[in-house]
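Have a look at the fold, then read along.

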Amino acid sequence: MQQQLLYAFGQCNYGELGVEQKYINNNSNNLVQYPLSIENNFLNKKNIKFIVKGGYHTLIVIEEKDFDLIYGSGANSLGQLGLESFESYNFTEITWFTKLKKRVKFISCGNSHTFIVTEDFKCFGFGKYFQNRNFLEIEELNDDIVKNIQKVVCGFNHTAIILQNGDFYVHGENKYQQLEENENLQMIDRFKKNTNLPIKEPSNNKNEILIKIKAVGLNPLDYGLTTFFSPIGSLLRNRKWIGGSDFSGIVIKSFHPQFKEGDEIMGIKDGPPNGVFQQFLVTNPDGYAITKKPKSLTYEQAAGLSVVMLTNWAVFSLIENVNHCQLFINGASGGTGSIGVLMAKYYYQARKVFGTCSTKNVDYVSSLGCDTVIDYTKQDWKLELSKQQNCKDFVILDYVGNYEMLKFAIKNQMKSYITIIPDQTSLFTTIKYLTLLYWNRFLFMINLSKTDSRFVHAKKSKEKLQEFAEWYAKNNFQNKVPITVFSFRKFLEAMDYLVTRRAIGKVIVKMEEENE
């Protein structure tokens, strides 16, 4: 067998990457700043079966001919590596497991603990909250339970075991009711079946409906709240705060006169504290833009439409006589930009539509109906815009947030500049951007500026959403605008992809597994 190569990089506080100390930058938060090959004899001509990482420890499962070996590296202060001495290690064999001569079926790490299920249906837990087990079998999980395990997941200080029939068993810290909705239960020290599922029932008195969320659409505000504005982000990390606003789903139970069980719906539900990033949602649809989904749209196609459609409606509502206007859309290949081009061209029938995008998206933006596409990687958008006749008559729709574009619009006395997101290049740039935008807006209102500058958000109207959704489906625009779909398991990957700002169309998360 050819030797496998293993590379590691990132933070290494306790040796969890298994690299030599000389490669760790102690002046930069103990970072290994570029991929380094891990040279260790245990990897020589061996088949790596699993690699899992906890807070500060890493475990590698090696597949031998008749059984598996486990090697651990990093912190062992709470026994999370399964080694006897509570010190840090650099990829050391866990000998007590080797002596058992077993195969690993599942392995997962929490912040300071590890949980293993073997192919002969034995379970082992070690680390925080497992200290009294002494690496022994978890006796409360009998063979009937273990034989039906579908998935093992470790959280920060807790473990959940999901069975094939949907039952699940939990163990560990319950400080934030992450295991069971019981504020008096702070700790579950033995595995127990969770029968207290936190699915709220709708209220008849409040005209509420219970929705099973099928898919959600990700929007810049979703990651902006949780990552960029740190004070708000810290609130969202509290268990009571759930983000997300753009969704599609099916009504499971209804006490609302306009919806019945089985209705396929789409819409906007305000995000935190009770947003749509959950599998079941109870809400009163009054006051939100929630409507029935066109039959010809899949849940995934519908999930990302509500926010962008009603955002564009809010934008175009500020423009007089759109059909006589020349529009310049910055970010025309993104979710809001793509729908913006379609609505500008085919719904509002704007006189001329310009759009910016990168080289790989030029053909796509052209196919949406853009009259002129500017490749910002090869062309100077300032120069291209300045060359146009009656440049001052252009309305800039900045769906990316560009400080230089705002300055350009004001300096050249353009008709209007409308944005939906601030420039987030840095906190300082964001402050400069918002200061200039609102100061110029003030000057415009007292006739000291020629350019109207606006910051807008989606307007809520279920009637307009239904109108736009039916128009979209009738014209088969779902075949023009691509969507990138991630499974619920890859939610963080979906958010990372959105953050790159290189996504074409909409980024969607499917909220249920294929076998559900």
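This is a predicted model: local features need pLDDT of at least 70, side-chain atom pairs count only at pLDDT 80 or more; totals for chains, interfaces and linings use all residues.

**A parallel sheet**

Let's begin with an open sheet of six strands, in the order β21-β20-β19-β22-β23-β24, with parallel pairing. Its edges are β21 (372-375) and β24 (452-455), each of which pairs on one side only. On average, neighbouring strands of this sheet are turned by 15° against each other, direction ignored. Within the sheet, β19 and β22 run parallel and are joined by five bridges. If you want to find a bridge for yourself, look for Phe328, whose partner in β22 is Ile396.

Now turn to β5. Is this strand buried or exposed? Seven of the seven residues of β5 (residues 68-74) are buried, so the strand is largely enclosed by the rest of the structure. With β4, β5 forms a hairpin that has four residues between the two strands. The pairings of β5 are as follows:

| Partner strand | Bridges and direction |
|---|---|
| β4 (residues 57-63) | seven bridges, antiparallel |
| β6 (residues 89-93) | three bridges, antiparallel |

On the β6 side, Gly74 faces Tyr89.

**Two loop residues**

Finally, visit two asparagines. Asn321 sits in the loop between α6 (306-316) and β19 (326-330), and its phi is near 50°, a positive value in a residue other than glycine. Asn390 lies in the loop from α9 (381-386) to β22 (394-398), with a positive phi near 55°.

Conventions
Residues are numbered from 1 along each chain as its sequence is written. Side-chain values use heavy atoms; hydrogens and water are left out. Two strands pair if DSSP finds at least two bridges between them. Axes are lines fitted to C-alpha atoms, for helices over the stretch in contact, and angles run from 0 to 180 degrees between N-to-C directions. Buried means under 20% relative accessible area, exposed over 50%, partly exposed in between (1.4 Å probe, protein chains only).
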